[in-house]
Amino acid sequence: MATHQNGRAAACENDDEAAAPVRWQFARAKEGALAATGDKLSIRAVRYRISASVDERGPRPVLPLAHGDPSVFPAYRTAAEAEDAVAAALRSGDFNCYPGGVGLPAARRAVAEHLSHELPYKLSTDDIFLTAGGTQAIEVVITVLAQPGTNILLPKPGYPNYEARAAFNNLEVRHFDLIPERGWEIDVDSLESIADHNTTAIVIINPNNPCGSVYTYEHLSKVAEVARKLGILVIADEVYGNLVFGSSPFIPMGVFGHVAPVLTIGSLSKRWIVPGWRLGWVAVCDPNKILQGTKIIRSITNFLNVSTDPATFIQGALPHIFEDTREEFFKRIINLLAETSEICYREIKDIKFITCPHKPEGSMFVMVKLNLYLLEGIDDDIDFCCKLAKEESVILCPGSVLGMENWVRITFAIDSSSLLDGLERIKSFCQRHKKKNLLNGF
């Protein structure tokens with residue numbers, strides 16, 4: 001009996017211990033940057049939130065005007081030569097292995113030769129680092145540059161992955177404006193006033209996402225001169241490189257690598273319309289070898305040696321993708337984007353509730369200002385996008401995630417009939433929500 005009672009007493013003590021709250025040591029993860037700001041700095045997260053507003057019982061198809069992935073539309077299908085190159089690489093059996101951390105030598109050499117066609121000097125294999133899309137290229141560059149106390153200059157509006165990566169790495173962000181009235185040019189005159197001795201780099205995006213602008217040789221030259229004066233690196237995001245259809249040709253920032261060192265970010269995703277293939281790169285455009293005196297290149301190598309790689313068979317196909325893709329494919333894509341950008345700009349001008357300050361000349365996007373003073377029951381750009389999705393099944397990207405509140409980004413990389421339908425739905429939505437005391441002209 002005594003033994004039985006002792007057992008019961010011990011069980012009670014165990015129950016008391018079990019009832020005591022456990023202080024889990026991992027609970028502090030909620031204080032981290034991912035938990036605090038991750039969902040606010042992601043186009044994907046915001047797009048999912050807006051898409052959740054769509055009425056699934058609606059009679060009309062959802063029109064995706066929020067992101068630059070036209071691969072689902074037959075008119076934008078990638079080049080047959082690119083598909084054949086990937087199929088051949090896969091069937092060869094030569095690319096089922098792990099690749100080297102910085103990429104297969106033949107693939108790196110192909111990127112170097114591809115980029116060198118537009119530069120006044122030649123890139124070597126050692127200048128190229130292959131990444132899992134442009135997203136990983138951003139990750140590696142920002143991580144490598146994020147040292148205690150440093151800051152980086154980012155455009156506003158801009159691509160939020162830069163700000164997200166900076167937040168995750170405790171890298172201070174300082175914004176410079178893109179000026180809508182000047183074709184979204186960089187406010188070059190402000191750069192020196194916002195930089196200091198802890199500034200490490202400036203990010204420029206050309207052709208521009210989200211604005212659709214294309215910078216001239218003269219404008220890029222001014223940026224390079226300021227970077228040299230400040231002693232900072234230029235990170236040139238050229239993921240939309242050569243997707244231009246206006247009066248300004250595409251000028252790679254690497255052209256000015258002799259003025260200030262440039263790290264160029266590029267990928268197959270946009271020009272070949274294959275974002276799912278996840279093949280990008282970082283190219284070191286530094287003919288004066290300034291970066292050799294730092295550990296930046298070594299740090300990039302070290303980062304890639306402990307992170308994921310782009311698929312080996314895509315790397316294996318890369319030389320033939322570059323070599324075999326015919327110019328007719330690129331011309332077809334440019335003609336499509338030129339046509340749909342014209343439609344987009346023309347139709348937006350007919351919607352009095354939104355304003356487009358500059359006709360797009362490149363990339364796949366245009367930034368549009370919401371004239372909220374003409375609308376009733378719309379609080380801000382997020383509210384506009386959510387209600388538009390619910391009522392019209394049209395998905396737009398709110399400007400607040402890009403750094404511009406009460407603006408929206410619209411993609412025109414879609415078939416023309418769907419674009420016209422989407423813009424007509426936006427117009428109907430605005431008419432339905434216009435303030436009651438407006439004149440009939442609205």
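## Salt bridges in the model

A salt bridge is counted here where a side-chain nitrogen of Lys or Arg lies within 4 Å of a carboxyl oxygen of Asp or Glu. The structure is a predicted model, and a search of the whole of it finds 18 salt bridges.

## The pair E392 and R60

E392 forms a salt bridge with R60, and their closest N and O atoms are 2.6 Å apart. This pair connects distant parts of the chain: E392 belongs to helix α13 (residues 381–392), while R60 lies in the loop between α3 (43–51) and β1 (63–64), 332 residues apart.

E392 is buried, because its relative accessibility is 4% and the cut-off for buried is under 20%. R60, with a relative accessible area of 37%, is partly exposed.

R60 and E392 also take part in a network of salt bridges, in which they are linked with E391 and R432.

## The pair D196 and R174

A salt bridge also joins the side chains of D196 and R174, at 2.9 Å from N to O. Here too the pair links distant parts of the chain, with D196 in the loop between α8 (188–194) and β6 (199–205) and R174 in strand β4 (residues 172–179), 22 residues apart.

D196 has a relative accessible area of 28% and is partly exposed. R174 is partly exposed at 21%.

## The pair E185 and R182

The side chains of E185 and R182 form a salt bridge with an N to O distance of 3.7 Å. E185 counts as partly exposed at 26% relative accessibility, and R182 counts as partly exposed at 43%.

Definitions and conventions: Residues are numbered from 1 along each chain as its sequence is written. This is a predicted model: local features need pLDDT of at least 70, side-chain atom pairs count only at pLDDT 80 or more; totals for chains, interfaces and linings use all residues. Side-chain values use heavy atoms; hydrogens and water are left out. Helices (H or I, at least four residues) and strands (E, at least two) are DSSP runs, numbered from the N terminus. Buried means under 20% relative accessible area, exposed over 50%, partly exposed in between (1.4 Å probe, protein chains only).
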